[in-house]
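Welcome! Here is a short tour for anyone meeting this structure for the first time.

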Amino acid sequence: MSTRRSIIGGNWKMFKTPSEAATTAKALKVKLINVEAVDVVVCPPAIDVLPLVEILKETNVTIGGQNMHWEDEGAFTGEVSAAMLRDAGCSYVILGHSERRHVFGEQDSDINKKVKKALSAGLTPIFCVGEKLDEREHGRTREVVKKQVAAGLAGVQLSDPADLVVAYEPVWAIGTGVNATPEQAEEVHQYIRELLGEQFSRGLADGIRIQYGGSVKPANAAELLSQENIDGALVGGASLDPESFTAIIKSAEKVN
Ligand code: PGA
């Protein structure tokens, strides 16, 4: 068992209007009142950040953005900045999610600029990597993940391992109901930790939390989270329902 504190993230993607988000947050507030052993971060659509921060302010639940621009401000219609997320009350921001990479064409170089900006603004990046199905089938998982880690974190300085979270999310497992097996995930998590050791130092790499994401559900969470190098989960679909999200958090508490 590792000494890293588990971190469970809820990625709401483009679901929930502000009033729906408020209803969910009120339910989470009641359900998560006693959660202390696990870090919990809810990442709603940007327009839901303010109501969530307000509703969850006296709880241990923190809030994160799903994306941001790397510039401080400017003529970038439709974008939000790191300072805006920070000022609204976010502590985290998901960067390089596979939907940003593969639906919106984000490049490693864009993600690298975002990671640096987030860190300098005091936001903890949840930096996502993961291979597509054909890449796994062609035995290219390590090569893909290595490139994403090297390019996404190039030139990034880190002094505290708590300042960065990495999420390994195999694209074929996201929203498909087919999760990676605990063994498949653990193998890649171990490899990512090796890469982080080369990038930073062994000591820092040992402290960085690596989440698994891709069809995490109450039924498979405990098995995944009990792996040595799996330090939490980034949950999409199952985070939308307070019941199932709470069940996953409770699994993490037991494994801790
Ligand atoms: P999923 O999504 O849990 O619905 O597979 C995970 C994610 O995209 O972060």
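## Around the ligand

Of the 13 residues around the ligand, the ones that come nearest are Lys13, His97, Glu169, Gly175 and Ser215 (a residue is near a molecule if one of its heavy atoms lies within 4 Å of it). The shell around the ligand consists of 4 nonpolar, 7 polar and 2 charged residues. In this sorting, Ala, Val, Leu, Ile, Met, Phe, Trp, Tyr, Cys and Pro count as nonpolar, Asp, Glu, Lys and Arg as charged, and the others, Gly among them, as polar.

Let's look at some polar contacts, meaning pairs of N or O atoms within 3.5 Å. An N or O atom in the side chain of Lys13 is 2.7 Å from an oxygen atom of the ligand, and a polar side-chain atom of His97 also lies 2.7 Å from a ligand oxygen. Gly236 takes part through its backbone, where an N or O atom lies 2.8 Å from an oxygen atom of the ligand. On its own the ligand has 280 Å² of accessible area, and the protein covers 96% of that (Shrake-Rupley method, 1.4 Å probe).

## About the model

This is a predicted model, in which local features need pLDDT of at least 70 and side-chain atom pairs count only at pLDDT 80 or more, while totals for chains, interfaces and linings use all residues. Residues are numbered from 1 along each chain as its sequence is written, and side-chain values use heavy atoms, leaving out hydrogens and water.

## Two loop residues with positive phi

Lys13 sits in the loop between β1 (7-11) and α1; helices (H or I, at least four residues) and strands (E, at least two) are DSSP runs, numbered from the N terminus. Although Lys13 is not a glycine, it has a positive phi of about 50 degrees.

Ser215 belongs to the loop between β7 (209-213) and α10. Ser215 is not a glycine either, yet its phi is positive, at about 60 degrees.

Which residues make the contact between α7 and α8? First, the geometry: the axes of helix α7 (residues 141-152) and helix α8 (residues 182-199) come within 10 Å and cross at roughly 40 degrees. Axes here are lines fitted to C-alpha atoms over the stretch in contact, with angles running from 0 to 180 degrees between N-to-C directions. Thr141, Arg142, Val145, Lys146 and Val149 of α7 meet Glu187, Val188, Tyr191, Ile192, Leu195 and Leu196 of α8, where contact means heavy atoms within 4.5 Å. By class, the contact of α7 with α8 has 7 nonpolar, 1 polar and 3 charged residues.

## A last stop at Gln227

Gln227 is found in the loop between α10 (218-225) and β8 (232-235). Leaving aside neighbours within four places in sequence, Gln227 is in contact with Pro182 and Glu186. Gln227 and Ala180 are 47 residues apart in sequence and 12 Å apart in space, C-alpha to C-alpha.

Key:
Polar contact = N/O pair within 3.5 Å; in protein donor to acceptor, adjacent residues only side chain to side chain.
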